[in-house]
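Colleague: I have a structure to go through with you before the afternoon. May I put it up and ask questions as we go?

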Amino acid sequence: MIVAVASGKGGTGKTSVAVNLAISVGNVQLLDCDVEEPNAHLLLNPKIYRKEPVCNLIPKVDRELCNACGECTKFCQFNAIFIASDKLLIFPELCHSCGGCALVCPTKAITWEKQRIGTLNFGSADDVSLVYGELDVSKPLSVPLIKAVKNQINKSGNVILDSPPGTSCPFVETASDSDFCLLVTEPTPFGLHDLKIAVDVLRRVAVPMGVVVNRAGIGDRKVYDYCEKEGIEILLEIPYERRIAEFYSKGVPFSLEMPEWAEKFQILYSKIKEILKE
Amino acid sequence: MKQLAILSGKGGTGKTSITACFAVLAKDAVLVDCDVDAPDLHMLLHPEVNKETEFIASKIAIIDETKCTKCGLCREKCKFDAINEKLEIVAIACEGCGVCEFICPTKAITLAPRVSGKSYVSKIKYGLMSHALLFPGESNSGKLVTLIRQNAKVLAEKAKKDLIIIDGSPGIGCPVIASITGVDAALVITEPTMSGIHDLERVLKLLDHFNVVPFVCINMYDVNVNNTNRILSYCREKSIEVIGVIPFDPIVTQAMVNGKTIIEYSPDSTISGEIRSMWTKISIFLGV
């Protein structure tokens, strides 16, 4: 079973929920797909036993074969190839690796080369194995790295995905192949507004979902009203407690220090299983 | 004209709440909400929309069923898994690259313009605002950020405003890079948590890469004073000025629930005082 933990708004507690869930359930694979700002390892404190570079493919021009005809420039929808004074220029940061330029090139002057975009890290802490991607600073394209993280999914086991914030491509890439998506929100106007957008996306990709209300007690009741109206089940509430915030700040998963919460996360996991059976 | 960006790396550290206060203090600036896939600034600044424009930055493939022979070549060549087993276009995955259109032997596929969101030009109580909404699941957030920043520049020039304040998005990828190119300074709002520190370091590296002058604000500093001290000494080492240290206070959420900025909701609070003093430092630096 693959469960994605996501939220529209950043900082609602996705990583905290993902890590506490993983530790409480045990024997799971945790994949941190927030490759721009990965944080799960800071809470889990795993031993990292392997790192490998991740590359995407970008076009490479054989200047002998290229006659600067401009077919590739015309074809490229992402403005990643230009011709300046009869020379082909490639902008790797704009390239989506679609392969079109090589297809249309009449002189077969374009081949592919690898460009490093980030690192995959493999580690484990007790019976939780962690994979996280780390985008190189100043590289704009996170989706190929998220795909590389997702390629590590062990489909026969239990998998938890920590999703990046937002509701655009990185979120869609993470959530779209999951069996279930847990949306973590907070009971504030910002939390509600961004939850609605995330719900919209999940309905479009037809992924079943449930909500975790974090920092319950702050803000207002509108998140609860919305979930009731839309028929989205609130599967867990985590109250705003200074102790929980302090544990998080130190990089300690609170369910380790407050064992009653380990049980609550186990119950949350069973609820998800039941929902998926129905 | 000067441009200031508010960033954080990590989400939920208080970017938008602080940006909205700066709008009030600057009195007559152009605000830009660059968190286009989860914009929140409008809930505090209540823009009156003057102009709404469809955002079209990419294309989408469309298959003409009457011409399609179901050969499956398009599905085989698509790098984005955007054509499913039934040989239908999966809109959310299609990047509009045109490979399928090119290779289709029966010319059954064409590319059509894709509306990915909307951009708005609005009036707020404290100046003007350029903002947008990316439709759920759409890509091209970086291009939309570039567009609304361009709109803001045009607005500022026309209305003779000398400051643009940019509310950034979390992360360090495409939309964040698009939010900081060419700005005069960036204020990074962080929190004294392990994640906050980790993400602060990465966002500072990014600012350094793009030659943007960084300032730092530590929000909710009292949640972990040890970590606050770590951030302070880290910034001292790197010669980065920490211009504000803000305690945790429930009035931040209360102001948000009431749809107000902290400065409007609770002008005499400690937090409002600290935000005013940050604003003074930034406005002196920018000369506005």
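Colleague: Which residue stands opposite A:M209 in β10(A)?

Modeller: A:C181 stands opposite A:M209. Please note that this is a predicted model, in which local features need pLDDT of at least 70 and side-chain atom pairs count only at pLDDT 80 or more, while totals for chains, interfaces and linings use all residues. Residues are numbered from 1 along each chain as its sequence is written, and chains are lettered from A and ligands numbered from 1 in the order in which they are written.

Colleague: In what sense do β9(A) and β10(A) pair?

Modeller: Strand β9 (residues 180-185) of chain A and β10(A) pair in the parallel sense, over 5 bridges. Strands pair if DSSP finds at least two bridges between them. Helices (H or I, at least four residues) and strands (E, at least two) are DSSP runs, numbered from the N terminus.

Colleague: Through which helix does the chain cross from β9(A) to β10(A)?

Modeller: The chain crosses through helix α7 (residues 189-204) of chain A, and this β-α-β crossover is right-handed. That term applies if, with the strands pointing away from the viewer, the path from the first strand over the helix to the second runs clockwise.

Colleague: And what about β11(A), how many bridges does it share with β10(A)?

Modeller: β10(A) and strand β11 (residues 234-239) of chain A pair in the parallel sense over 5 bridges. There, A:V212 stands opposite A:L236. With helix α8 (residues 222-230) of chain A, β10(A) and β11(A) make a right-handed β-α-β unit.

Colleague: Is β10(A) mostly covered or mostly uncovered?

Modeller: Strand β10 (residues 209-216) of chain A is mostly covered, with 6 of its 8 residues buried. A residue is buried if 20 or more other C-beta atoms, placed from the backbone, lie within 10 Å of its own.

Colleague: Changing topic: how many residues of chain A are in contact with chain B?

Modeller: 51 residues of chain A are in contact with 52 residues of chain B. Contact requires C-beta atoms, placed from the backbone, to lie within 7 Å.

Colleague: Which element gives the largest share on the side of chain A?

Modeller: The largest share, 8 residues, comes from α7(A). Other elements that give two or more residues include α6 (169-175) and α9 (242-250) of chain A.

Colleague: Finally, what are the helix and strand counts of chain B?

Modeller: Chain B has 11 helices and 9 strands. Of its 288 residues, 55% are buried.

Note on methods. A residue is buried if 20 or more other C-beta atoms lie within 10 Å of its own, exposed if 12 or fewer, and partly exposed in between; C-beta atoms are placed from the backbone. Two residues are in contact if their C-beta atoms, placed from the backbone, lie within 7 Å.
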